[in-house]
Amino acid sequence: MTSSETTSTNHAVNGTDTAAYPKHPHRVMLGLYIGAFLGMLSETSMNIALPDLMDSFGVSAGTVQWMVVGYMLAIGIVLPFVGLMLKWVNTRTLAIFALACFFVGALVSTFAVNFPMLLTGRIIQGVCTGIALPTMYAVIMRVFPMSQIGAANGVAGLVIMFAPVIGPTVAGMLIGAFSWRAIFAMFAIVAAVALVCAAATLTNPIEVTRPKIDLPSVFASVIGFGGLVAGVSMISDMGFSPTVIVLLVVGVVVLAFYVWRQLHMESPILDLRALGIAAFRTPAIMVTLSFTCTLALMYLVPQELQRGLGLSSTVAGLLMLPGGIVNAACSLLAGRLYDRKGASMLVRVGAVVAIIGDALLLAMGVGTSTAFFVLAHVVLMIGIPLMQQPAQSAALKGLPRELATDGSAILNTMQQVVAAIGTAVATCLLGLGESNYTAAGGTNAAQGFVDGSRYGYVFGLVLVVIVLVMSFFLRERKN
């Protein structure tokens, strides 16, 4: 790395930003881009493999669900600590450690001889994803000038939002051609590439200050976020059983204590004062709701294509690719437009387009043509990045530099936790719709699934409408 490609950790002096930005910031970010993409790919490609895992290891549906629940639980527990980690460990060292562990976790799962070994590897992958996502956004705020933040987040959005679209397709094709082990082998290969890139190009743009660690906050964070994510993730499988209720109550109560303690500490683990800044708080909520809508709908759509329209997993995945390509292009476009136009108008346009796309999904039935679905999905995939990328950029830009690392961790924690809740809600609504169809005398299982999916699509519609309303209250930081 030449001196022109290094990044100074100097901050504002007398109100003037003196940071020396790297000459090729995207090259610096390459390893983190790939790592973040890998994390989201891993998060969204596992559902299609669950039946094969049940057969291979002879476990029940409730047990195999821990491949999803355990992964999200690991992410939810680790995310709040990333801001602290980046204050204690060099950015490059932390990123390399996370990617190396993901590689190891993927290999453990690839060669698993029993389900506990498989789950262990999966949880290791979740821990690493929890580190990679907020680290990527924290570094973006340090290696790009403010005038390029939108374009930079557009690239980040491309690599993240493309993963949920191609994940089921790639996983289905690998299972069809080889076995479920090929999915984890693919994860290991991508992790190795990310590791090499990070080792070669990533710098240390975040200053290491090593603040005091408050142990009560550490335990409260683990118990609070862990209990909440675990409880929410188990609702669809166990309902509101005593175990789920206890997890939810403990999670909420302990999180309340955690929040109170962070706001009354001189050196908090996660500086929640960022949420007191309206220029961060409002777009952070907006991007969280749009991300939740995306994951909830991407959970429903592939299943409806298979169980409602009777398509194979391979065909269903291929039909989602046009939307994925459009999503990638719009993510880049939205980032560049943000740098010129700001967030408010883009979010409004995106919300209206997403509402149209969601309404088209609501109109689908068992006899719907594949062309109609592709149209609906493409429209939705135009609207989502136009909402999400400008809101993400506005949220991070709305913070002072000293809160950028904590803000990134807060934003990613909100997205993962609320998205877990949203996916659980979509699952419950799907079951409710199917039950109502059966109770009304319906006997066609495919139609019942379509009816249930519509309940979930209405939920997504509500989330987008809230984002649209909030866009009129968005106050953006201009400099």
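Ser42 touches Tyr71, Phe102, Arg122, Gln125 and Phe187, leaving out residues up to four places away in sequence. Ser42 sits in helix H1, which spans residues 25–44. The model is a predicted one.

**Around Ser42 and Phe187**
- Ser42 has 0% relative accessibility, so it counts as buried.
- Phe187, one of the residues touched by Ser42, has its own list of contacts.
- With neighbours within four places in sequence set aside, Phe187 is in contact with Leu38, Leu41, Ser42, Ser45, Met46, Phe102, Ala106, Arg122 and Gln125.

**The largest nonpolar core**
- The largest nonpolar core holds 153 residues.
- Which members touch the most others in this core? They are Met67, Met136 and Phe187.
- Helix H12 gives the largest share of this core, with 15 residues.

**Helices H6 and H7**
- Helix H6 covers residues 91–110, and helix H7 covers residues 115–143.
- Their axes come within 8 Å and cross at roughly 155°.
- Angles over 145 degrees count as roughly antiparallel, so H6 and H7 are roughly antiparallel to each other.
- H6 passes H7 in a left-handed crossing.
- On the H6 side, the contact is made by Thr91, Leu94, Ala98, Cys101, Phe102, Gly105, Ala106, Val108 and Ser109.
- On the H7 side, the residues are Met117, Leu118, Gly121, Arg122, Ile124, Gln125, Cys128, Thr129, Ile131, Thr135 and Val139.
- The residues of this contact divide into 12 nonpolar, 7 polar and 1 charged.

**Helices H12 and H18**
- Helix H12 runs over residues 278–308, and helix H18 over residues 445–471.
- The two pack at an angle of about 165°, with their axes 9 Å apart.
- H12 and H18 are therefore roughly antiparallel to each other.
- H12 passes H18 in a left-handed crossing.
- The contact of H12 with H18 is made up of 18 nonpolar, 9 polar and 2 charged residues.

**Arg142**
- Arg142 is placed in helix H7.
- Is Arg142 buried or exposed? Its relative accessible area is 5%, so Arg142 is buried.
- Arg142 and Leu333 are 191 residues apart along the chain, and their C-alpha atoms are separated by 22 Å.

**Arg210**
- Arg210 lies in the loop between helix H9 (181–201) and helix H10 (215–238).
- Arg210 has 51% relative accessibility, so it counts as exposed.
- Most residues other than glycine have a negative phi.
- Phi of Arg210, however, is positive, near 50°.

**Gly357**
- Gly357 is located in helix H15, residues 344–362.
- Its relative accessible area is 0%, so Gly357 is buried.
- Which residues does Gly357 contact, leaving aside neighbours within four places in sequence? They are Ala376, Val379 and Leu380.
- Gly357 and Ala95 are 262 residues apart in sequence, and 37 Å apart in space from C-alpha to C-alpha.

Key:
Residues are numbered from 1 along each chain as its sequence is written. This is a predicted model: local features need pLDDT of at least 70, side-chain atom pairs count only at pLDDT 80 or more; totals for chains, interfaces and linings use all residues. Side-chain values use heavy atoms; hydrogens and water are left out. Axes are lines fitted to C-alpha atoms, for helices over the stretch in contact, and angles run from 0 to 180 degrees between N-to-C directions. Helices (H or I, at least four residues) and strands (E, at least two) are DSSP runs, numbered from the N terminus. Angles under 35 degrees count as roughly parallel, over 145 as roughly antiparallel, 65 to 115 as roughly perpendicular and the rest as oblique. A crossing is left-handed if the near helix is turned anticlockwise from the far one by less than a right angle, and right-handed if clockwise. Ala, Val, Leu, Ile, Met, Phe, Trp, Tyr, Cys and Pro count as nonpolar, Asp, Glu, Lys and Arg as charged, and the others, Gly among them, as polar. A nonpolar core is a set of buried Ala, Val, Leu, Ile, Met, Phe, Trp, Tyr and Cys residues joined through side-chain atoms within 4.5 Å. Buried means under 20% relative accessible area, exposed over 50%, partly exposed in between (1.4 Å probe, protein chains only). Contact means heavy atoms within 4.5 Å.
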